Amino acid sequence: GATFAAGGRVEQVAWDPFVATTLVAGDETGGVVAFDVRAAAAPLWSLRAHGAAASAVCFSETAAGLLATASADASVKLWDCGGAPGPPAPVAARDLAVGELFALAFDAVDPLVLVAAGAGGSVALWDAAGDGGAAAAWLAAQG
């Protein structure tokens with residue numbers, strides 16, 4: 001099997017459901033890195049997504065290229081991974097006010113609704129469509 005250097009201790013990994021050869025890893029430094037599993041030589045891209053551990057990463061299964069990250073810095077961020085080569089562009093971000101985040105998932109139907117779980121034992125929902133319109137505009141632009 002192949003191995004990939006993520007840069008720090010890996011917190012979570014996720015497969016891109018629309019690009020079967022791409023996986024991402026979030027690490028303890030707040031970094032997120034993407035790999036093409038056919039070529040172990042170098043990452044596709046990497047970015048400093050958070051100021052603390054990128055503890056959760058997941059792709060939307062209904063909106064191609066939409067990646068979410070959650071962090072010990074208490075924020076959730078959405079990223080556009082479907083564009084040009086290189087690191088993804090930010091789409092939206094929110095502090096869910098439930099402490100450090102450890103789990104994250106997209107709604108099975110609405111690609112702009114997410115759930116995250118925090119250190120304080122709370123689970124928070126985020127409808128990114130209502131946050132200034134950036135996420136809704138991104139989704140509309142995808143066709």
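Which residue takes a positive phi in the hairpin of β5 and β6? In that hairpin, which has six residues between the strands, Gly65 takes a positive phi near 85°. The model is predicted, so that local features need pLDDT of at least 70 and side-chain atom pairs count only at pLDDT 80 or more, while totals for chains, interfaces and linings use all residues. Residues are numbered from 1 along each chain as its sequence is written, and side-chain values use heavy atoms, with hydrogens and water left out.

**Overall architecture**

- The protein chain holds one helix and 11 strands, where helices (H or I, at least four residues) and strands (E, at least two) are DSSP runs numbered from the N terminus.
- Read from the N terminus on, the elements run β-β-β-β-β-β-β-β-β-β-β-α, and the radius of gyration of the chain is 14 Å, close to the 15 Å that the globule rule gives for 143 residues, so the chain is as compact as a globular protein of that length.
- That radius is taken over C-alpha atoms, and the globule rule is 2.2 Å times the number of residues to the power 0.38.
- The C-alpha trace spans about 40 × 35 × 20 Å along its principal axes, and buried residues make up 43% of the 143 residues, with buried meaning under 20% relative accessible area, exposed over 50% and partly exposed in between (1.4 Å probe, protein chains only).

**Sheet β1-β2-β3-β4**

- Four strands form this open sheet in the order β1-β2-β3-β4, with antiparallel pairing, two strands being paired if DSSP finds at least two bridges between them.
- Because β1 (10-15) and β4 (45-48) stand at the edges with a single partner strand each, one side of each is left without a neighbour in the sheet.
- Strand β3 (residues 31-36) pairs with β4 in the antiparallel sense over four bridges, and the bridge partner of Val33 in β4 is Ser46.

**Strands β5 and β6**

- Four bridges join β5 to strand β6 (residues 66-70), and the two run antiparallel; in β6, Thr69 is the bridge partner of Val57.
- From strand β5 (residues 56-59), Ala56 and Cys58 point one way and Val57 and Phe59 the other way, and all are buried.

**Sheet β9-β10-β11**

- Three strands form an open sheet in the order β9-β10-β11, again with antiparallel pairing, and since β9 (101-106) and β11 (123-127) stand at the edges with a single partner strand each, one side of each is left without a neighbour in the sheet.
- Strand β10 (residues 113-118) is joined to β11 by five bridges, and in β11 the bridge partner of Val113 is Asp127.

**Loop between β7 and β8**

- Gly82 is found in the loop between β7 (75-80) and β8 (89-95), and this residue is exposed, with a relative accessible area of 55%.
- The C-alpha atoms of Gly82 and Asp131, 49 residues apart along the chain, are separated by 21 Å.
- Pro85 is found in the loop between β7 and β8, and at 83% relative accessibility Pro85 counts as exposed.
- The C-alpha atoms of Pro85 and Leu44, which are 41 residues apart along the chain, are separated by 7.8 Å.
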